[in-house]
Amino acid sequence: MNLTEFNQSDGCDHFSCSERSVSPAVYILLYLCSAAVVLLTLCGNLLVIISVLHFKQLHTPTNMLVLSLAVSDFLVGALVMPSILSWVIESCWIFGRDFCMCIMMTASFLMNLSIYHIVLIAVDRYLALSNPFLYMNKVSIRITRVVIFFNWCVVVVYNLVLFYINGNFMSSVMCPGECSFSLNEVWYVIDLIYSFIFPLSVIILLYTQVFVIAKKHATAIRELNNHTRPQTQKITSHSMKSERKAAKVLGILVFVFLVCLLPYFIYSLIGYVIELQSETIQKVMMMISLNSTINPVIYALFYSWFKRCIKLIISREIFQTDSGLINVFL
C-alpha cells in the first residue's frame, strides 16, 4: 500500500509521508492486530451494555453510570480507534484535513465524556459509602439517568463551542499529512481547567475520602465479626462489604483511566511550550483509545456477575422467557 505524499501549502514546511520500512507480512499483521483490538473493544463494551440493560438485578444507579461509560467506550472503538490505529501504522495521517477535524472533535467529546463519567462514579461511591441510608433513599435510577443525560448534554455543548470558536485557528495551523489539535491561548487555559484540573481534583479528593471510609468500614466489620450479632447486623455487614468491593473495583477503573489519560495532559502542557513530533501525538491518542479496550477487561476480571452474564449471552439463554430475571450473582 503506497502512502500519499503531501506537498507544502498554507505556510507549512515540505511534508512527505514516509514510505513504510517493514515487510508486507508485518504490515498486514499490524492491521490484523489493530482490527482485533477494535473488535475486542466493540464486543467487550457491547457485552457490558447488553448485560446491564437486560438483567433486572443490574439496574442500579452505579450500573447506570457503568452502562453510560460503556456506551462512550463503544463509540470510541467504532468511531475513533480505527483511524487512530491506522495513523500509528502508517506514521502519517492519510485521511485529509476535514476528516482529521471530525476525528479530533469526536475524540475530544468522548474523552471529556469519559472523564466526567469517572467524576460521577467517584461521587456515586462517595455518597454510597459516606451515607448509605441517604444514598439508598435519595439516589434512584431515575435521578441517575437524568444526571447522565445532563452530563452528555453539557459535554456536547462544550465541545461544539470549543470547535466552533477554534475551528479556523485549527485549520490554519494544520499541515498536510499531519493531524493536530490546537487552541488559542484563552481556550487552552479553559480546556485545561475543564478537562483536567477540575475533574482530576474532584476524583482525587473523593476517592481519598472513599478509601478512608472503606478502611473504617473494614475495621467496623472486623469488630462485628468478633461478637454474636442479630440478623440485621449481618445484613449491614454484608452491605458494607459489597460497597467496599464496588469501591475497590471502580477505584481500579479510575486508576487505569488516569494512567491512560495522563500522557495526553502532559503532552498538552509540554506541547504548548515546545514543538513535539507527530509520533508523540499518535501514541498519546492511542493510549486514550486503549482505555476503552481495558475497561471491559477490568469488569471481566473483578466482577463475577459480568462473567456470568457473558456465559448467559454466549449460550443465548438471554433469549428465553423471563431471562432478565435470572440471578446473575450466583
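Leaving aside its neighbours within four places in sequence, which residues is S72 in contact with? Contact here means heavy atoms within 4.5 Å. The residues are L110, L113, S114 and H117.

Before going on, a note on the model. It is predicted, so local features need pLDDT of at least 70 and side-chain atom pairs count only at pLDDT 80 or more, while totals for chains, interfaces and linings use all residues. Numbering starts from 1 along each chain as its sequence is written, and side-chain values use heavy atoms, with hydrogens and water left out.

Back to S72. Its relative accessible area is 0%, so S72 is buried; the term means under 20%, with exposed over 50% and partly exposed in between, for a 1.4 Å probe and protein chains only. S72 belongs to helix α2, residues 61-90. Helices are DSSP runs of H or I, at least four residues, numbered from the N terminus.

Now α2 itself. Of its 30 residues, 23 are buried, so the helix is mostly covered. At 1.5 Å a residue α2 should span 44 Å, and its end C-alpha atoms are 43 Å apart, which agrees. The expected span is 1.5 Å times one less than the number of residues. α2 bends by about 50° at V80, with a proline, P82, following within four residues. The bend is the angle between axes fitted to the seven residues ending there and the seven starting there. Just after α2, S91 takes a positive phi of about 60°.

Last, charges. The count is 1 salt bridge, defined as a side-chain nitrogen of Lys or Arg within 4 Å of a carboxyl oxygen of Asp or Glu. R125 pairs with D124, the closest N and O atoms being 2.8 Å apart. Both R125 and D124 are buried.

Terms used
Helices (H or I, at least four residues) and strands (E, at least two) are DSSP runs, numbered from the N terminus.
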